[in-house]
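Please look through the structure below with its chains in view.

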Amino acid sequence: MSTVTLFGLCGAGLVGIGLYGLIIHPEPLRKLLAFNILGGGVFLLLGVIARRAAAAGFDGDPVPQAIVITGIVVAFSATALAATLLLKLSDAGKPDGDAS
Amino acid sequence: MAEFLTAAALFIALMMALGMVRLLRGPGAVDRMMAAQLLGTSGAAICLLISFAVELPALIDVALTLALLAALAAATMSLKAGSAAQGEKPAPQGEKP
Amino acid sequence: MSLGLNIFTVLMVSAGAFFFLAGTVGLLRFPDPLTRLHALTKADNLGLGLVILGLLPQTVSLLGGLKLVLVWVLVQIGSSAASQLLARLALRRP
Amino acid sequence: MIDAFALLLTILVLVTAGWIAVARDTRAVVFGFIGYGLLLSLVWVLLSSVDVALTEAAIGGGATGILLLRVAARLKVEPHPAPGRAMRISVGVLCAIVTAALAAIVLTLPDPAPSLAPLTAEHLASTELGNPVTAVLLAYRALDTLLEIFVLLLALIGVWSLGADRYWGGAPAEWNTGMPAPALAFLARILPPFGIVFAAYLFWVGADEPGGKFQASTILAAMWLLVVMAGILPMPQTGGRRIRAALAIGPVVFIAIGFAGIPMAGGFLAYPEGFAKPLIILIEAALAFSIVAALTLLVAGPAEQAPRS
């Protein structure tokens with residue numbers, strides 16, 4: 001089995017693992033991390049598709065690669081927003097109300 | 001030469017895998033952070049070795065990025081929690097100038 | 001000449017790999033955080049340092065060689081500071 | 001040999017991800033996630049996607065670690081009841097089916113793979129760029145990149161809107177209370193000059209070799225956060241004039257050049273013949289300011305101090 005196919009299966013596995021964590025964990029931070037694992041798996045699948053399409057002297061199809069770069073940055077901004085929401089949620093649950 | 005460098009990278013990756021045991025088992029947060037630190041250093045070494053093995057010089061930049069940002073997680077961790085959530089008192093021993 | 005340089009590379013990279021082994025074994029086997037930290041710094045300093053020393057003769061450009069050395073310098077700065085910070089943390093909450 | 005490497009890396013990534021999904025201790029899981037990010041950047045290295053590996057190393061190895069460690073330190077983790085065995089098994093089966101379906105797709109991908117690489121290569125000369133990924137990001141699919149910077153700014157507005165009204169325009173909570181550790185102060189004084197030089201280098205080579213504004217901006221944002229952590233600079237005022245200007249300049253320049261393309265080159269975001277490269281670099285430079293400011297402020301969080309006037 002080639003390296004590329006192997007990483008494709010790895011991406012498929014990551015999607016499954018991320019999905020599992022996302023559904024099974026009641027804790028919000030864990031859901032967020034699981035969602036990021038799922039995202040990493042999707043990016044990896046795109047990367048495999050890019051690598052398989054290596055042509056014209058490039059190591060991979062640049063279009064999926066560019067999409068993944070955009071995706072990583074967007075996923076990070078979404079993670080930051082979600083993390084801030086989690087903090088607010090956790091602060092709101094405190095007995096002394098509006099702390100810090 | 002390329003074969004040897006790849007083999008060396010594989011060996012360091014094996015060490016990295018062993019180091020992951022410490023990251024996953026802990027016990028303390030400090031232990032986990034140390035393992036992450038080792039992961040970053042090993043990652044930089046692997047990038048360099050692969051860079052020469054497959055003759056892709058741009059991979060040195062990946063190693064540089066890993067090296068540059070390696071200490072940031074430890075630095076963040078060293079901060080006091082900055083919120084009542086942690087309930088941690090300031091360190092009792094004052095710093096002597 | 002080229003053979004000599006290749007032998008140098010093999011020796012130095014192998015020595016570097018050995019220090020990664022030593023650092024990892026220490027990280028796994030040593031009994032408390034501070035001794036483990038000691039083991040870790042061996043991999044950071046010597047392991048990576050020797051690997052980079054070994055790779056230097058293989059560089060083709062001056063910029064490439066400079067960047068290699070820079071990787072080592074950055075890891076030195078980062079790892080020395082991080083070890084200090086982690087040691088303080090380890091002492092504060094044992 | 002490379003195959004053995006790939007196998008080892010695949011196992012490591014899957015084990016780490018699995019551990020993150022099932023481990024009990026939420027604070028410990030954050031460290032697992034930092035390791036996961038580092039491992040993923042190695043996977044990208046083996047896939048020869050250097051541009052992506054750089055992005056993953058900068059974001060996964062730097063920015064995400066800072067963000068998650070801050071969140072985990074402040075978050076109150078409540079024990080939740082674990083889901084029952086029947087639930088775990090049924091969800092496990094569901095996820096296994098999803099994975100199996102994806103794996104089947106991976107194994108039956110068409111061969112030879114359809115590729116846009118020849119098309120990209122064909123028009124690369126007209127952009128005067130050497131890095132095809134940069135060409136896709138800023139010439140062929142420039143609209144995606146424009147929308148991406150909007151997503152970043154929207155996320156930032158979302159973060160800001162979670163702060164209390166009376167703090168609007170103020171600075172986020174200081175991270176460092178009291179004297180910084182000497183080692184941290186050392187790090188924050190030594191590392192940023194290296195970071196700035198390296199980011200400038202990555203930005204510059206991005207036109208022709210792997211690198212570019214995202215990677216450079218992420219590194220600069222990480223350096224800024226480090227300096228703030230050590231208390232050398234105060235937390236930036238979210239309402240500060242220069243901060244707001246930095247956030248706005250990227251999209252403004254991008255849109256202005258985009259509209260200028262309609263009369264000059266016959267389409268929104270089309271570049272006139274011969275001016276493609278300078279215009280792309282101008283857009284990238286303006287975007288870099290916005291991305292640095294946006295990433296830093298996203299990690300810093302909403303304003304929690306009254307605005308200094």
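This is a predicted model: local features need pLDDT of at least 70, side-chain atom pairs count only at pLDDT 80 or more; totals for chains, interfaces and linings use all residues.

Residues are numbered from 1 along each chain as its sequence is written, and chains are lettered from A and ligands numbered from 1 in the order in which they are written.

Two residues are said to be in contact if their C-beta atoms, placed from the backbone, lie within 7 Å. Five pairs of chains touch, and among these pairs chains A and D have the most contacts. Here 68 residues of chain A are in contact with 76 residues of chain D. The largest share of chain A's side, 23 residues, comes from H3(A), which is helix H3 (62-92); helices (H or I, at least four residues) are DSSP runs, numbered from the N terminus. The side of chain A that touches chain D divides into 42 nonpolar, 18 polar and eight charged residues, where Ala, Val, Leu, Ile, Met, Phe, Trp, Tyr, Cys and Pro count as nonpolar, Asp, Glu, Lys and Arg as charged, and the others, Gly among them, as polar.

Chain D also meets chain C, with eight residues of chain D in contact with six residues of chain C. On that side, chain D has eight nonpolar, no polar and no charged residues. Chain A and chain C, by contrast, do not touch, and their nearest C-alpha atoms are 21 Å apart.

Two packed helices are described by the angle between their axes and the distance between the axes. Axes are lines fitted to C-alpha atoms, for helices over the stretch in contact, and angles run from 0 to 180 degrees between N-to-C directions. In chain C, helix H1 (residues 2-29) and helix H2 (residues 33-55) pack at about 165°, with their axes 7 Å apart. H1(C) is therefore roughly antiparallel to H2(C), a term for angles over 145 degrees. The residues of this contact of H1(C) with H2(C) divide into 17 nonpolar, seven polar and two charged.

In chain D, helix H9 (residues 213-229) and helix H11 (residues 276-300) pack at an angle of about 40°, with their axes 8 Å apart. The contact includes D:Trp224 of H9(D) and D:Ile291 of H11(D).

Conventions: Helices (H or I, at least four residues) and strands (E, at least two) are DSSP runs, numbered from the N terminus. Angles under 35 degrees count as roughly parallel, over 145 as roughly antiparallel, 65 to 115 as roughly perpendicular and the rest as oblique.
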